[in-house]
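These are my notebook entries on one structure. I set down what I looked up, topic by topic.

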Amino acid sequence: MAVRTCPHCKTEISAPQTAARSNDIECPKCGARLEVSQGPRTISSLAGLAAGAIAYQLSSGSTSDLGSVLPALYAILAFGVVSPVVLILMANLRNAPAVPVAVPSHASSTAGHGAGGHGGHH
Ligand SMILES: [Zn+2]
């Protein structure tokens, strides 16, 4: 199993935490914002979809009364189980991008005021 470590301080980060909060993980030691890199997340989603499709195929052959419901149920369950498992197995961490800072827009508002309105021709 891949070991997830903080790129800053090499602290190991638990697998369940990685899977549960893959978009916003905080290093328990140095507080760095981390995220799971895109590749494994895409792969885990694809694996989940594939597992769901396989489960659907396998269960849709049944002719029981629940035959029309169970395939979808199995597909959802397969996706829900396989996708995070694959993510846990493959995930590695990278630095999350910095949180964007809102830039106040003084310039545009004053320009608009001078050039714009007040032009009411009576
Ligand atoms: Zn750290």
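**Entry 1: a helix contact.** I began with Val82, which lies in a predicted model and, leaving aside neighbours within four places in sequence, is in contact with Ala47, Gly48 and Ala51. I placed Val82 in helix α3, residues 70–90. Is Val82 buried, exposed or partly exposed? I recorded a relative accessible area of 25% for Val82; it therefore counts as partly exposed, since buried means under 20% and exposed over 50%.

**Entry 2: the chain as a whole.** I noted four helices and three strands, which follow the pattern α-β-β-α-α-β-α along the sequence. The chain has 122 residues, of which 26% are buried. For the accessible surface I wrote down about 8,200 Å², with 64% of it belonging to carbon and sulfur atoms. I also looked at contacts between residues at least 6 apart in sequence: 55% of these join residues at least 24 apart.

**Entry 3: the zinc site.** Which residues coordinate the zinc ion? I found the SG atoms of Cys6, Cys9, Cys27 and Cys30, at 2.2 to 2.3 Å. Along the chain, these donors have the spacing C-x2-C-x17-C-x2-C. The angles among the four donor atoms run from 104 to 112°, and the site is tetrahedral. For reference, I noted that the ideal angle for four tetrahedral donors is 109.5 degrees. I then compared the exposure of two of the ligands. Cys6 has a relative accessible area of 0% and is therefore buried, whereas Cys9 has 22% and is therefore partly exposed.

**Entry 4: the sheet.** In what order do the strands of the sheet lie? I recorded an open sheet of three strands in the order β1-β2-β3, with antiparallel pairing. The edge strands are β1 (25–26) and β3 (93–95), each of which pairs on one side only. Between β1 and β2 (residues 33–36), I noted two bridges. Ile25 stands opposite Leu34 in β2.

**Entry 5: Ile25 and the core.** I stayed with Ile25 and listed its contacts, not counting residues up to four places away in sequence. Ile25 touches Ile13, Gln17, Thr18, Ala32, Arg33, Leu34, Val36 and Leu93. I then looked up the largest nonpolar core, which has ten residues. Ile25 is one of its members, and the core also includes Ile13, Ala32, Leu34, Val36, Leu87, Ala91 and Leu93. I marked that the zinc ligands Cys6 and Cys27 belong to this core as well.

Entry 6: Where is Lys29 found? I located Lys29 in the loop between β1 and β2. With a relative accessible area of 63%, Lys29 is exposed. Leaving aside neighbours within four places in sequence, Lys29 is in contact with Cys9 and Thr11; Cys9 is one of the zinc ligands. From Lys29 to Ile13 I noted 9.6 Å, C-alpha to C-alpha, at a separation of 16 residues in sequence.

Glu12 is exposed, with a relative accessible area of 59%. The C-alpha atoms of Glu12 and Pro28 are separated by 8.9 Å, with the two residues 16 apart along the chain.

Notes
Residues numbered from 1 in each chain as written. Predicted model: local features only at pLDDT ≥ 70, side-chain atom pairs only at ≥ 80, totals over all residues. Heavy atoms only, no water. Donors = N, O, S within 2.8 Å, 3.2 Å for Na, K, Ca; no water. Tetrahedral: all angles 85-135°; square planar, octahedral: opposite > 155°, others 65-115°. Buried < 20%, exposed > 50% of the residue type's maximum accessible area, 1.4 Å probe, protein only. Contact = heavy atoms within 4.5 Å. Areas by Shrake-Rupley, 256 points an atom, 1.4 Å probe, with all protein chains shown as cover. Pairing = 2+ DSSP bridges. Core = buried A, V, L, I, M, F, W, Y, C linked by side-chain atoms within 4.5 Å.
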